[in-house]
Amino acid sequence: MEYKLSWWEDEYLLKDVDYTILGAGIVGLSTAIELKLIAPQAKVLIIDKKTYPVGASTKNAGFACFGSISEILDDIETFGEDLCHRLIAMRWRGLEILRSRVSAQAMDYQGRPGIEIFPKDEEALYHSKIPNINDQIEYILGEKQCFSIREGRYGNETVNRLEGCLNPQKMMAHLELEARKLGVIFLQGVEVSKILESNSELITNFGSIFYNKLIVCTNGFTKRILGEVDVQSARNQVIVTSPIKGFSLDGCYHMNKGYVYFRELGSRLILGGGRHLALEEEITDELDNTSKIISYLTTLAETKILAGENIKIEKMWSGILGVGKDKMPLVKKVNDNVFIAVRMGGMGVAIGSYVGRVMASILLENDNRDLQLFVRS
Ligand SMILES: Cc1cc2nc3c(=O)[nH]c(=O)nc-3n(C[C@H](O)[C@H](O)[C@H](O)COP(=O)(O)OP(=O)(O)OC[C@H]3O[C@@H](n4cnc5c(N)ncnc54)[C@H](O)[C@@H]3O)c2cc1C
């Protein structure tokens, strides 16, 4: 039987929509909020396949970070200094925007040092790079002596004094509330299976939906609806242990160029990553866990992070990243009516609010310093 909307539903949800945003993750919500802040009269609709976001925005480990020493050095080597500097500036700016929008209390934000640990034989090499990286961070962010070294629980650790952690579910709940307060309309439980660009039409399980301007914010799921775009799904798995008596960590830990991360969650350990061990297998948008990654994370917890403790894994899950040939998010006009803001990599919590601002600026042709940073060639 065909599902029929009432006059009122049709008028409220689908009539005269100026901006149709696909995906209610941090990027979709931030884009919607920015549009309504600059153009309050515009009708903005967000469509998501679930009643809660299922990609990455509520599945991550809640790190508010912009890069560890090994990750920054790797990015400079792979992508060059300029791109790496811009990424750091964008992540920093994204966190500034996020923290001005959602209070620390509302999303349990805490300033916590970002700590990186290395195999013993690599410590000296990475430590020797700190003065140079500190000069670069001062140049990019104006912050002096960002990184230092300390004798810590896991050896000689590097400390980034500018990082923090948060509760991503609370962050998203507040962003959604903010969007609703500004008048953004939500259509949840509606999955888009096809975009018919010639007709400005979305084929969905809710019937056809026509758009005026469409903004695709589906990150790691984008290939399913826009095949030509350079964004690939990459799964990231996470475990949480049962409470461990007396356990606490004073920072957010990074290992292996950002591929592994852990922190305390009350008296539990939350530990995620390990994708570098199975790069091919983890190119998927299936939200599963695999024995290979889970046993790697469990062994790491048992033999290093919580060595000597009897641990029990209480919960595990996965989330889907959008990655590509470089780490720069893909934020652009595809044609007159279709726009895209995807490929947040492993840093969408940090960069997502900034990307929302850039996307809204492109849509509204509103030039500003944030857009300038993005388009700088
Ligand atoms: C385990 C893990 C750890 C992470 N750690 C960090 C970190 O430490 N720091 C950091 O900054 N970032 C981190 N990230 C990355 C960050 O979470 C993501 O980059 C960010 O959340 C991406 O946001 P998004 O809005 O682009 O996409 P998503 O949050 O994935 O949102 C996309 C939305 O689109 C919807 N959708 C998809 N396809 C369709 C369709 N066909 N029809 C309708 N709706 C659709 C989905 O339901 C989803 O809600 C991590 C991610 C994971 C998974």
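In this predicted model, a polar backbone atom of Val349 sits 3.0 Å from an oxygen atom of the ligand. The protein buries 98% of the 1000 Å² that the ligand exposes when taken alone (Shrake-Rupley areas, 1.4 Å probe). A backbone N or O atom of Gly348 also lies 3.0 Å from a ligand oxygen atom. For Ile26, the distance from a polar backbone atom to a ligand oxygen atom is 3.1 Å. Polar contacts are pairs of N or O atoms within 3.5 Å.

The model is predicted, with local features requiring pLDDT of at least 70 and side-chain atom pairs pLDDT 80 or more, while totals for chains, interfaces and linings use all residues. Residues are numbered from 1 along each chain, and side-chain values use heavy atoms, without hydrogens or water.

The shell around the ligand holds 36 residues, each with a heavy atom within 4 Å. Asp48, Ser57, Val192, Val349 and Ala350 are the closest. By class, 20 are nonpolar, 12 polar and 4 charged; Gly counts as polar. Helix H2 (26–38), strands E14 (232–241) and E18 (313–323), and H9 each supply at least two shell residues. H9 gives the largest share, 3 residues. Helices are DSSP runs of H or I with at least four residues, and strands are runs of E with at least two.

Domain 1 (14–59 + 169–231 + 326–375) and domain 3 (233–323) both contribute to the shell, so the ligand lies between them. Domain bounds come from an automatic or database assignment.

H9 covers residues 348–364. Of its 17 residues, 14 are buried, meaning under 20% relative accessible area. Glu365 follows H9, with a positive phi near 50°.

Terms used
Expected span 1.5 Å × (residues − 1). Buried < 20%, exposed > 50% of the residue type's maximum accessible area, 1.4 Å probe, protein only. Polar contact = N/O pair within 3.5 Å; in protein donor to acceptor, adjacent residues only side chain to side chain.
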